[in-house]
Amino acid sequence: MKCALVTGGSRGIGRAICYELARAGYHILVNYRSNEVEANHTLSGITELGASGELLQFDVANKEDIQQVLGSWLEKNTENHIEVLVNNAGIKDDGLMMWMKDEQWESVLKTSLDGFFYVTRTVLNAMLLKRYGRIINVVSLSGLKGLPGQANYSAAKAGVIGASKALAQEVAKRNVTVNCVAPGFIKTDMTEGLDENELKGMIPVKRFGTPEEVAHTVGFLASKGAGYITAEVISVNGGLYS
Ligand code: NAP
């Protein structure tokens with residue numbers, strides 16, 4: 001069975017990515033942290049598409065949790081190959097750096113940057129042995145441009161971009177590609193508190209994007225035909241910045 005692991009697959013962009021990869025024929029491993037109801041909703045959607053999947057609950061910010069849950073899944077599923085890994089789980093906890101608490105800095109860095117490192121390292125060896133893999137990291141406009149009030153989030157996403165470019169060069173000869181997708185403003189729970197009417201004025205496309213529009217780009221990078229694209233960052237931001 002060919003599998004795709006999507007971290008933070010219970011809601012928002014991650015859910016749309018799960019559906020996109022399910023349509024591409026993958027068995028979907030839907031990771032989530034705590035929202036089991038929404039994770040089951042994603043799983044039902046996958047089944048409705050005629051595909052299969054399963055839930056894998058672990059906290060990407062906790063390396064022991066990753067080892068215990070994902071590590072044991074890999075041990076028990078030696079016949080099944082994770083061909084596609086999408087590091088999508090992320091949180092934001094904004095504030096001006098002057099007043100930013102240790103906990104705000106650490107939790108955001110741990111989720112995006114440490115999460116990328118520990119999850120990817122866990123599945124990488126099997127991809128290298130199989131000589132095939134697609135790793136796609138969901139970063140952000142904030143990691144490219146830097147946004148005020150998001151020193152933690154910008155640092156985390158910029159860190160993932162740097163690490164992706166390094167890793168891409170390490171594994172390219174084994175047909176493993178590593179790319180990033182950098183969304184701008186996308187309609188999900190994460191942007192719920194933002195005023196779209198006010199912000200859309202500065203977006204050339206004049207609207208927020210949809211999770212499906214991000215998922216479409218992830219699906220493209222996950223496809224076999226994208227094998228000559230690696231160490232790349234593709235923006236999905238309505239022309240806001242590139
Ligand atoms: P969202 O609606 O808030 O969903 C976040 C998802 O990540 C949920 O599935 C959540 O699981 C999961 N998650 C959070 N922390 C986790 C952890 N420690 N371990 C495992 N799963 C965890 O967010 P979104 O807008 O879809 O964002 C998805 C990704 O896109 C993030 O990396 C975000 O930084 C990035 N992004 C979003 C936007 C935007 O405008 N929305 C823009 C740029 C980049 P639970 O349901 O269990 O909580």
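User: Hi! Let's start with the sheet. What is the strand order?
Analyst: Hi! This is a predicted model, and its open sheet has seven strands in the order E3-E2-E1-E4-E5-E6-E7, with parallel pairing.

User: Which strands stand at the edges?
Analyst: E3 and E7 (233–236) do. Each has a single partner strand, so one side of each is left without a neighbour in the sheet.

User: And how many degrees is the twist from one strand to the next?
Analyst: The twist averages 20 degrees from one strand to the next.

User: What holds paired strands together, in general?
Analyst: Strands of a sheet pair through backbone hydrogen bonds, and the pairing can be parallel or antiparallel.

User: Let's look at E2. Is that strand buried or exposed?
Analyst: Strand E2 covers residues 27–32, and six of its six residues are buried, so the strand is largely enclosed by the rest of the structure.

User: Which residues are on each side?
Analyst: His-27, Leu-29 and Asn-31 sit on one side of E2, with Ile-28, Val-30 and Tyr-32 on the other. These residues are all buried, and both faces of the strand are covered.

User: How many bridges join E1 to E2?
Analyst: Four bridges join E1 (residues 2–6) to E2, and the two strands run parallel. As an example, Cys-3 has His-27 as its bridge partner in E2. To get from E1 to E2, the chain goes through helix H1 (residues 12–23), and this β-α-β crossover is right-handed.

User: Nice. How many bridges join E2 to E3?
Analyst: Five bridges link E2 to E3 (residues 53–57), again with the strands running parallel. Asn-31 stands opposite Leu-56 in E3. Here the chain crosses from E2 to E3 through helix H2 (residues 36–48), in a β-α-β crossover that is right-handed.

User: Where does H2 lie?
Analyst: H2 lies across E2 and E3, and it runs at about 160 degrees to E3. Helix H6 (residues 151–171) packs on the sheet too, touching E5 (133–138), E6 (176–183) and E7. The direction of H6 makes about 160 degrees with that of E6.

User: Why does Ala-4 count as buried?
Analyst: Ala-4 counts as buried because its relative accessibility is 0%, and the cut-off for buried is under 20%. Another detail for Ala-4: its C-alpha atom is separated by 10.0 Å from that of Gly-133, and the two residues are 129 residues apart along the chain.

User: Where is Ser-142 found, and is it buried or exposed?
Analyst: Ser-142 is found in helix H5 (residues 141–145). The residue is buried, with a relative accessible area of 1%.

User: Last one: which residues other than glycine have a positive phi?
Analyst: Arg-131 is one of them, with phi near 55 degrees. Ala-231 is also one of them, with phi near 65 degrees.

User: Where do those two lie?
Analyst: Arg-131 lies in the loop between helix H4 (102–130) and E5, while Ala-231 lies in the loop between helix H8 (211–222) and E7.

User: And how exposed are they?
Analyst: Arg-131 is partly exposed, with a relative accessible area of 46%. Ala-231 is partly exposed as well, at 24% relative accessible area.

Notes. Residues numbered from 1 in each chain as written. Predicted model: local features only at pLDDT ≥ 70, side-chain atom pairs only at ≥ 80, totals over all residues. Heavy atoms only, no water. Buried < 20%, exposed > 50% of the residue type's maximum accessible area, 1.4 Å probe, protein only. Pairing = 2+ DSSP bridges. Right-handed = clockwise from strand over helix to strand, strands pointing away. Axes fitted to C-alpha atoms, helices over the stretch in contact; angles between N-to-C directions. Contact = heavy atoms within 4.5 Å.
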